[in-house]
Structure formats: structure tokens, C-alpha cells
Amino acid sequence: LKPNDIGPRFIGSPSNKDSTWNKNYPRKTTLEIFTAAPWHWFQEFAPVPGEGGSDPGGKPHSHGAKYNESKDKLASIVWERTRDVLSQGGAVNLPTTLDKVGHYEVGTPLTFGHYYWSKQGAFYGLDHDLTRFEPRTFYERLRPEVPEVPGLFLSGQDVACCGLVGAMLGGVLCASKILGLVDPLQLIRTVTKNRREASTYD
């Protein structure tokens, strides 16, 4: 693997939301980084089905030294890529390597398999490969209405695409279907218009 093989999908800084952080911890910050790590990278460390219980990810600290080495290698690659992205955005004083970072933790598909009890460590909804967005798949499976169960409607990212924006779009598609709107944008235009009129009266 090379740094460019793995790109951060999300970088956030929880400490920036704390108004007292800089006072209490000057010249320090925290980062939360999400990326994609396929199950097969860590499959060899997964519990064998039927042995040692049904935990799909295995208990923490039970996977051995080779697993920890794999996690550290992944962490270094992700950090190097993160440094590139943040540096290009103007960030300064970033630690060169993880050895200079005060503390870091790494989660793998096994981690999510254990804590979320999810199949193959999935934690972000449906797979986001190209087949997901093929016309047949998109229109037959990724839909808010479930004809097989009258009155059941789905919302969220699995109706559209992953992430916050995908979840909001899933909500718009779901609400539009319930309201019988052909054009989901009509709902957005109506809500926007109502908000403008409400702000005018305020």
C-alpha cells in the first residue's frame, strides 16, 4: 500500500467545537479521521464462525501482534495521506509521523464488527461500490417505498448515498414519496419559500 491508495473520507476536529479547548490545551488539537478499509485486509484475524462465541469482530486485544502491526501500518499510511491533504489546505505545524502525535487509536473492520455487531465490520450502511449506482440497482433497491410492506417507507443514507448529505437527501426522497410529489426538488423549494416568508414576519 502507498499513501495515495488510501484517502481520508472524513476529517473532523472535535476540539474545535470546544470554546475552552485552546485555553486548557494550547497548541494542541484532536482529529477524527475516517477512511475505507476492506474486510479482506483483516479477515485472517477474524474469529472463526462457531468458535469462541458469535462476536463477528472478536474481543479487543485478542488478535495478536501481527494484527497490531497491521493496524499501525494502516495508521501511518492514513496519517501520511491526511498530512498531505491538510497541508495543501494550509494547515501548519502538523506532526511528521505518528511518533510525534500524543495519542492515537485505530479502528478496523474487526473493531466495528465487535462494537456494532455488524457483518464484516460494516458501519456506514450499504456498500458504496459502482454496482450500487447502476440504474437497475438504484431504482429498484435504493428507494424510499417498500412495496412488499404497505405503509413502510425508508429514509437515510441507504436510500441515496453515504454521509450527512446522503442522509438528508434520503429524507427528502422519503418525504416526497409520502407526499406524492413527482419532483423531490418541489419539496425543497416549498420549504425554502416557507422559511423565507417566516423570517420576513419575524
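In this predicted model, aspartate 55 is buried but forms no salt bridge. The nearest side chain of opposite charge belongs to lysine 59, at 7.3 Å, whereas a salt bridge requires a side-chain nitrogen of Lys or Arg within 4 Å of a carboxyl oxygen of Asp or Glu.

**Surroundings of aspartate 55**
- Aspartate 55 is placed in the loop between β2 (32-34) and α2 (65-88).
- The side chains of aspartate 55 and histidine 114 are joined by a polar contact of 2.4 Å.
- A polar atom of the aspartate 55 side chain also lies 3.1 Å from the backbone nitrogen of glycine 58.
- Apart from neighbours within four places in sequence, aspartate 55 is in contact with Pro47, Gly113, His114 and Trp117.

**Helix α3**
- Helix α3 spans residues 109-116, and its buried residues include Gly113 and His114, both of which are contacts of aspartate 55.
- Pro109, Leu110 and Phe112 of α3 are buried as well.
- The cover over the buried residues of α3 includes α2.
- Tryptophan 117 follows α3 and has a positive phi, near 55°.

**The chain as a whole**
- The chain contains 6 helices and 2 strands, in the order β-α-β-α-α-α-α-α.
- The chain is more spread out than a compact globule, because its radius of gyration is 22 Å, well over the 17 Å that the globule rule gives for 202 residues.
- Along its principal axes, the C-alpha trace spans about 55 × 50 × 30 Å.
- Of the 202 residues in the chain, 23% are buried.
- The chain exposes about 14,800 Å², of which carbon and sulfur atoms supply 55%.

Definitions and conventions:
Residues numbered from 1 in each chain as written. Predicted model: local features only at pLDDT ≥ 70, side-chain atom pairs only at ≥ 80, totals over all residues. Heavy atoms only, no water. Helix = DSSP H or I, 4+ residues; strand = E, 2+ residues; numbered from the N terminus. Buried < 20%, exposed > 50% of the residue type's maximum accessible area, 1.4 Å probe, protein only. Lys, Arg positive; Asp, Glu negative; His and termini not counted. Polar contact = N/O pair within 3.5 Å; in protein donor to acceptor, adjacent residues only side chain to side chain. Contact = heavy atoms within 4.5 Å. Rg over C-alpha atoms; globule rule 2.2 N^0.38 Å. Areas by Shrake-Rupley, 256 points an atom, 1.4 Å probe, with all protein chains shown as cover.
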